[in-house]
Amino acid sequence: FPPVTEAWKKAQVKDGDVPCTAFLEAAEAFIPLFDRLGTVFSPVKSDVGGNVTKLKAAHAKNPTASLNKLILDEVAAGKTKDKTSASIALLWFKRAMQFIFSMLKKVSAGEDANKAAKSAYDETLSHYHGFLVKKSFQVALMAAPGSDSMLKALGNDKDQTMREMQEWVSAASPILDFIHEFLDKNNLDDKSKV
Ligand code: EIS
């Protein structure tokens, strides 16, 4: 966790904007954590990793843009609904992170991972999932490891891992909150279900 947290610290919101390169590095830094959690998480890794890949490709075409500008340029070009849309990739990345943070906050508060995952899901991602995705999420949830094995997979010492997770959540939450408001303000929070 500490390298991930460091990367997110470098991507803090400044003057109402997010530094795009630092943000993409931070986003990318956290993806390998899924590998430690087991194969149940490989579809999640592909999905969230795909969001990051798409955002990186968009940024490569507009390399000097901040995160706001990258998205606003796309809006101006009328390309927010295209296959290469960075807006959609950012929206789903944000939603995945909101789920993860909501869950980690509950785990930090002492809730078991499975219970925390279920209630975090109900509060976040489930709003955007249709029947089939909801079902697959429920199935995956049953196969997912509990708190103890999850914490063991993430670090050597449970308490230390928990503290490190909290530091990451504190460093990253303000960025996610900012992105949430930015997308909402620009009518990019498409609420249709997948
Ligand atoms: C988006 O996916 C794409 O991300 C986006 C674009 O293609 C867009 C088009 O509308 O769709 O359908 C996806 C959605 N993504 C929408 C669902 C995929 C995941 C299904 C996997 C179900 C198994 C979930 C297992 C989770 C078990 C959790 C148990 C926890 C104990 C520390 C725990 C971390 C868990 C993290 C879970 C995060 C889930 C994120 C899902 C995001 C989602 O709903 S684009 O792609 O624009 O880049 O092309």
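This is a predicted model: local features need pLDDT of at least 70, side-chain atom pairs count only at pLDDT 80 or more; totals for chains, interfaces and linings use all residues.
Student: OK. Which residues of H4 meet H6?
Tutor: On the H4 side they are Val 48, Asn 51, Val 52, Lys 54, Leu 55 and Ala 58. They meet Ala 86, Ala 89, Leu 90, Trp 92, Phe 93 and Ala 96 in H6.

Student: How do those residues divide into nonpolar, polar and charged?
Tutor: 10 are nonpolar, one is polar and one is charged.

Student: And the geometry? At what angle do the axes cross?
Tutor: Roughly 145°, and the axes come within 9 Å. H4 covers residues 42–61 and H6 covers residues 86–108. The crossing is left-handed.

Student: Switching to the ligand. How many residues surround it?
Tutor: 23 residues do. The closest are Asp 47, Asn 51, Lys 54, His 129 and Ala 140.

Student: What does the side chain of His 129 do there?
Tutor: One of its N or O atoms is 2.6 Å from a ligand oxygen. For Asp 47, a side-chain N or O atom lies 2.9 Å from a ligand nitrogen.

Student: Where does Ala 89 come in?
Tutor: A polar backbone atom of Ala 89 is 3.5 Å from a ligand oxygen.

Student: How much of the ligand's accessible area does the protein cover?
Tutor: 83% of the 1,100 Å² that the ligand has on its own.

Conventions. Residues are numbered from 1 along each chain as its sequence is written. Side-chain values use heavy atoms; hydrogens and water are left out. Axes are lines fitted to C-alpha atoms, for helices over the stretch in contact, and angles run from 0 to 180 degrees between N-to-C directions. Helices (H or I, at least four residues) and strands (E, at least two) are DSSP runs, numbered from the N terminus. A crossing is left-handed if the near helix is turned anticlockwise from the far one by less than a right angle, and right-handed if clockwise. Contact means heavy atoms within 4.5 Å. Ala, Val, Leu, Ile, Met, Phe, Trp, Tyr, Cys and Pro count as nonpolar, Asp, Glu, Lys and Arg as charged, and the others, Gly among them, as polar. A residue is near a molecule or strand if one of its heavy atoms lies within 4 Å of it. A polar contact is a pair of N or O atoms within 3.5 Å; within protein, one must be able to donate a hydrogen and the other to accept it, and residues adjacent in sequence count only if both atoms are side-chain atoms. Accessible areas come from the Shrake-Rupley method with a 1.4 Å probe; for residues, only the protein chains shown count as cover.
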